[in-house]
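Colleague: Could you take me through one part of this model closely? I would like to look at the salt bridges.

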Amino acid sequence: MEKSKNKLLKSLYLTNFLSSLAFGTIIYLLPVYAEGLGASYYDLGIIGGVGNAVYTVSTLITGVLLDMFDRARFYSVSCILGVVATLSFFQTTGVTEIILVRGLLGGVSAAFWVATSTLIADTSPPELLTRSMARYNISWITAFAVGPFLGGMISEVFGFPFLFATASTLNVISSVIIFAFIRPNLEGKKGGSNLRVSYQALKNLFYVYAALIPYALILGIYMTILPGHMKELGITTAVVGLLITTSNGFRGLGFLFAERFVAWGVKKSLALASVLLFVALLLVAFSHGVASFLLPMILFGFAGGIITPVILDCVAGGAHPGALGAALGTHEAVYGLGMCLGPIAGGAFAEAFQPTALYLTLATLSLLILPVSRAINEKPENNPHGG
């Protein structure tokens, strides 16, 4: 039984890697593609904001549906829709079309990632939950690390249409694995919770979600505004991809130590991440070339490598098993909300003032994680996993 679960978890990690490689590469390089079609800072903010607005709504809906219906079937459908979303970029010729398709990608990727994290948390043995969620994080961050660099090279040599075709192919392979192995082994699995259980789970996790909000806002600007800003400074697409890859590589390094950060303590880990974010954003504010961007991108990545697994462990370990979908859906919705408001407000701010002022403001915002994290319960009351 244990071997069967391990094989199933490995299949989930693999499909998560493949589809995250497809989604992540496009999401990170889309600002560069849009900038090439004449998008302004404000346009980049709208593109990211719309995508993340749809992402936010989709995570909440997905979380509820996963607790009511067949989780494996939902997972397979979300991956097929991923093929449709990535192929749709072939039809984009201007900012308006990009906004529409980015919205579709936001909804589909939200459904996929919430379903993946829920299935992994539900399948994992309770005593290995922290490790299983850490491996889930490693699987997608590995994709996010190599994707932008490889995608940047592919788009420069073969063009963005070839990149979109490659992303679609990855989602097709992921779908085959889901239908061949994951769905037959998880068919009929659902949460079976009620609204009262879901509400209590979310109430107990309030400060966990609140601590995530500043980082989500900053991350939205990092993903949608910063790549375009680098391109405007004369940095090539391939090098922008390499800088993002480096940042995500250090984020992945943080994921490798996830169990140690969780054991060290939520409050101390989040305090360290807050300080690293502050320093990184101060440095970004005064960066103008590849060399000056390198250190802050590394610090930003490692800070995210601490925040992401620590917060996710609090959510997965603190929610009732029947309300896992709602808890993890809300977790992703906080990311979506922050990444929706961040790009829109950040894009308008950068247009009205200067990018330097924007990053100094974000540095101050990162310090809000400190007081909120002090209120987090290190061991949630309704933890059903024995933590």
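Modeller: Start with a network: salt bridges link D67, R71 and D122. Keep in mind that this is a predicted model.

The structure holds four salt bridges. Another of them joins the side chains of K231 and E35, at 3.6 Å from N to O. K231 belongs to helix α9 (residues 226-232) and E35 to helix α1 (residues 2-36), so this pair ties together parts that lie 196 residues apart in sequence. Now check how open the two ends are. K231 has 25%, so K231 is partly exposed. E35 has 27%, so E35 is partly exposed too.

Next comes R131 with E259. Their side chains meet in a salt bridge of 3.5 Å, N to O. This pair also links distant parts of the chain: R131 sits in helix α5, E259 in helix α11 (residues 258-264), and they are 128 residues apart. R131 counts as partly exposed because its relative accessibility is 36%. E259 is partly exposed as well, because its relative accessible area is 39%.

Stay with helix α5 for a moment. Helix α5 (residues 129-157) and helix α13 (residues 290-318) have axes that come within 10 Å and cross at roughly 135°. That angle is why α5 counts as oblique to α13. The crossing of α5 and α13 is right-handed.

Key: Residues numbered from 1 in each chain as written. Predicted model: local features only at pLDDT ≥ 70, side-chain atom pairs only at ≥ 80, totals over all residues. Heavy atoms only, no water. Axes fitted to C-alpha atoms, helices over the stretch in contact; angles between N-to-C directions. Helix = DSSP H or I, 4+ residues; strand = E, 2+ residues; numbered from the N terminus. Parallel < 35°, antiparallel > 145°, perpendicular 65-115°, else oblique. Left-handed = near helix turned anticlockwise from the far one by under 90°. Buried < 20%, exposed > 50% of the residue type's maximum accessible area, 1.4 Å probe, protein only.
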